[in-house]
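Student: Hi! Could you walk me through a structure with me asking as we go?
Tutor: Happy to, here it comes.

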Amino acid sequence: QVQVTESGGGLVLPGGSLRLSCRASGGTFDRYYMAWFRQAPGKEREFVAYVPWSGGRPSYADSVKGRFTISGDKAQNMVFLQMNSLEPEDTAVYYCAARGNRLVLSAIHRPDQWYYWGQGTQVTVSS
């Protein structure tokens, strides 16, 4: 059984920062490809960021470029999301997604292409 566990959410003032962490463990793969998604109330789940273990450039949603940074530890199957200059529009439940097989870049934005999900961590940006 693959387990995906996120941590690091919370309440923060506009302009503040948070760092999310995620670990994938278990299952039959030594390495998992991982990404961050988020879902705001009444909205569909949307892609946030992805880091390719091959050493290529990370991918970001346009709405978070320049403010969020994704990083990871391939050996530990961990990814991190540093979120700076947070805005009320960033309020959502943030989910970590994982899969054992490599995914083409054109498909990383699609939630239905990711097999394993964490329980989500709430991020609330409010004054």
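Tutor: What follows is a chat about one glutamine and then about the cysteines.
Tutor: This is a predicted model, where local features need pLDDT of at least 70, side-chain atom pairs count only at pLDDT 80 or more, and totals for chains, interfaces and linings use all residues. Residues are numbered from 1 along each chain as its sequence is written, and side-chain values use heavy atoms, with hydrogens and water left out.

Student: Where is glutamine 76?
Tutor: Glutamine 76 sits in the loop between strand 7 (68–73) and strand 8 (78–83). Strands here are DSSP runs of E, at least two residues, numbered from the N terminus.

Student: And which residues does glutamine 76 contact, leaving aside neighbours within four places in sequence?
Tutor: Those are Arg23 and Ala24, with contact meaning heavy atoms within 4.5 Å.

Student: What does its side chain do with arginine 23?
Tutor: The side chains of glutamine 76 and arginine 23 make a polar contact at 3.4 Å. That term is a pair of N or O atoms within 3.5 Å; within protein, one must be able to donate a hydrogen and the other to accept it, and residues adjacent in sequence count only if both atoms are side-chain atoms.

Student: New topic: how many disulfides are there?
Tutor: One, counting cysteine sulfur atoms within 2.5 Å. Cysteine 22 is joined to cysteine 96, S to S 2.0 Å.

Student: What parts does that pair tie together?
Tutor: Cysteine 22 is in strand 3 (residues 18–25) and cysteine 96 in strand 9 (residues 92–99), so the pair links parts 74 residues apart in sequence.

Student: Which hand does the link have?
Tutor: Left-handed, with -85 degrees about the S-S bond.

Notes:
Helices (H or I, at least four residues) and strands (E, at least two) are DSSP runs, numbered from the N terminus.
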